[in-house]
Every structure is written in structure tokens, then in C-alpha cells.
Amino acid sequence: MADDDFNFEPVPGLPALPPKGETILWQGRPSTLRLAREAFGLDWLAFYFAALVFWRASVGFGEAGLAGALAYGLPYILPGLIAALILLAMAWAQARATVYTITTSRVAMRIGAALSVTFNIPFPQVASASLDLRKGGSGTVALKLAPEARISYLIAWPHVRPWYFVTQPALRCIPDAERVAKLLAQAAETRLSRPEVMAMPTSAVAVAAE
């Protein structure tokens with residue numbers, strides 16, 4: 001998952017080496033095409049320009065037949081293609097800069113095409129997770145955070161669950177999403193069911209021994 005722009009990272013996608021006892025279980029990034037369609041509105045853009053071309057072509061056909069349809073409709077195809085390429089380029093930049101990581105203790109999200117940030121979300125801060133599965137196996141795994149955990153929607157976008165006012169960070173448009181969701185659930189369950197061992201001060205140990 002390494003990129004030349006992030007050679008400073010000790011582990012791709014993480015700002016520091018995982019602590020002793022923490023293991024990386026999975027890493028991935030969004031699909032460029034799925035991200036363009038679901039987050040950047042590529043489908044809506046295509047529909048808009050297709051409707052526009054059809055409407056202008058129908059007007060031209062009514063006035064001058066096939067030649068009029070071509071004359072009226074073709075000028076709108078190129079702007080539509082350029083706009084679609086811009087959205088694809090934006091989605092590609094976001095996907096390239098992103099690394100999602102699931103470890104035995106947390107979810108980490110290195111995101112941001114212009115300004116890179118990394119969110120570390122320990123499992124105790126995750127209230128629940130939901131899976132939006134799409135055709136072909138891709139999908140989005142969204143994390144509902146505990147009340148005390150807060151992440152800015154604007155900073156996290158487009159790596160958020162859409163249409164939710166309370167930010168839910170999300171592993172957006174990832175391949176094999178169902179398997180990743182199951183892995184996340186198992187890792188969180190294992191981590192949260194593991195008892196914490198607290199170190200006692202030396203003086204307290206001495207008193208207990210007496």
C-alpha cells in the first residue's frame with residue numbers, strides 16, 4: 001500500500017509503529033470508480049448531461065432532422081466528458097491518498113488528498129458499525145462513535161457515512177466489504193472482551209504481599 005508521497009510513514013497508513021502486542025489485520029483503500037459514483041456524484045452528472053444532450057438533440061431533430069439533432073446535441077457531449085474526467089481525477093486523488101487500517105485494537109484512517117490527516121479510532125470508542133453492501137461485493141463500513149468521540153464531518157469527507165448529521169467515519173467504497181466488516185466485528189469483539197490488566201504501584205504490591 002506504500003506510496004512515494006508517504007515514505008515518511010514507518011508503516012504505510014500509520015503515523016507510528018503499532019505498540020507491542022498490536023497486529024495489523026487488514027489494509028485497503030477505496031475503489032476510484034465507486035468513490036466517484038457514490039461520493040462525487042458521477043452518476044448524477046452523467047444523467048444530467050445525457051438528459052441535456054437528448055433534449056437538445058430532440059429540438060434539433062424537430063427543426064432539421066438528423067443533421068439538426070447532431071448540431072444541437074454534440075456540443076454538450078464534450079463538456080460532459082470533461083466534467084466526468086474531473087470528478088474521476090478527484091476520486092482518484094482521494095483514493096490514492098487513503099489507507100484504511102484495521103488492527104487488533106483500532107481502526108486507523110489516513111485520508112486527505114491535499115492535507116493528509118490520520119484518525120485513530122480505538123474499538124472502545126466505536127458504539128456500532130454498519131455495512132452498506134453493493135453489487136460486486138464492494139461497500140462501505142460506517143462507524144457510529146461513542147458520544148464522547150467527535151470527528152469533523154468536513155475534515156473527514158468523503159470518508160463518512162452520507163446524509164448523517166452526526167459524523168460517522170467510514171471505510172468508503174472498499175472491495176470485499178462483507179469480509180472486512182466481519183473481520184472488524186471479530187477484532188472489536190475480541191478486544192473489548194479481553195480484560196485490562198492494570199499495573200499496581202510497587203508500594204501497593206508490597207502491602208498486598210504482607
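## Burial and overall make-up

Of the 210 residues in this protein, 40% count as buried. Keep in mind that the model is a predicted one. The exposed surface comes to about 12600 Å², and carbon and sulfur atoms supply 66% of that.

On the secondary-structure side, you get six helices and seven strands. Walk along the sequence and the pattern reads β-α-α-α-β-β-β-β-β-α-β-α-α. Take the contacts between residues at least 6 apart in sequence: 62% of them join residues at least 24 apart.

## The four-stranded sheet

Four strands line up as an open sheet in the order β1-β2-β3-β4, with antiparallel pairing. β1 (24–28) and β4 sit at the edges with a single partner strand each, so one side of each has no neighbour in the sheet. On average, neighbouring strands here are turned by 15° against each other, ignoring direction.

Zooming in on one pair, β1 and β2 are held in the antiparallel sense by four bridges. One landmark to look for is I24, whose bridge partner in β2 is T103. Helix α5 then lies across β1, β2 and β3, and runs at about 150° to β1.

## The largest core

Nonpolar side chains tend to be buried together in soluble globular proteins. In this model, the largest nonpolar core has 26 residues, and W26, I102, V107, M109, L171 and I174 are the ones with the most contacts inside it. Two or more residues each come from β2 (99–103), β3 (106–111), β4 (117–122), β6 (139–145), β7 (170–174) and α5 (177–193). The biggest giver is α5, with seven residues.

Leaving out residues up to four places away in sequence, I102 touches T23, I24, L25 and W26, along with V107, F123 and L171, plus V180, L183 and L184. A separate core lies apart from the largest one; this other core has 13 residues, including F40, F49, A84 and A91.

Next come the strands around β6. Seven bridges join β5 (residues 126–133) to β6, and the two run antiparallel. β5 and β6 make a hairpin with five residues between them, and G136 in the turn has a positive phi of about 90°. L133 stands opposite G139 in β6. β6 also runs antiparallel to β7, joined to it by three bridges, and there G139 stands opposite I174. That puts G139 across from L133 and also across from I174.

How buried are these strands? Six of the seven residues of β6 are buried, so β6 is largely enclosed by the rest of the structure. For β7 the count is five of five, so β7 too is largely enclosed.

S138 belongs to the loop between β5 and β6. Is S138 buried or exposed? With a relative accessibility of 10%, S138 counts as buried, because the cut-off for buried is under 20%.

What is S138 in contact with, once its neighbours within four places in sequence are set aside? The list is R34, D132, L133, I174, P175, D176 and A177. Two of those names have come up already: L133 is the residue opposite G139 in β6, and I174 is the residue in β7 that G139 also stands opposite.

For a contrast, look at A67 in helix α2 (residues 42–73). A67 has a relative accessibility of 55%, so A67 counts as exposed; the cut-off for exposed is over 50%. A67 is ten residues from A57 in sequence, and the two are 9.5 Å apart in space, C-alpha to C-alpha.

Methods. Residues numbered from 1 in each chain as written. Predicted model: local features only at pLDDT ≥ 70, side-chain atom pairs only at ≥ 80, totals over all residues. Heavy atoms only, no water. Core = buried A, V, L, I, M, F, W, Y, C linked by side-chain atoms within 4.5 Å. Buried < 20%, exposed > 50% of the residue type's maximum accessible area, 1.4 Å probe, protein only. Contact = heavy atoms within 4.5 Å. Pairing = 2+ DSSP bridges. Axes fitted to C-alpha atoms, helices over the stretch in contact; angles between N-to-C directions. Areas by Shrake-Rupley, 256 points an atom, 1.4 Å probe, with all protein chains shown as cover.
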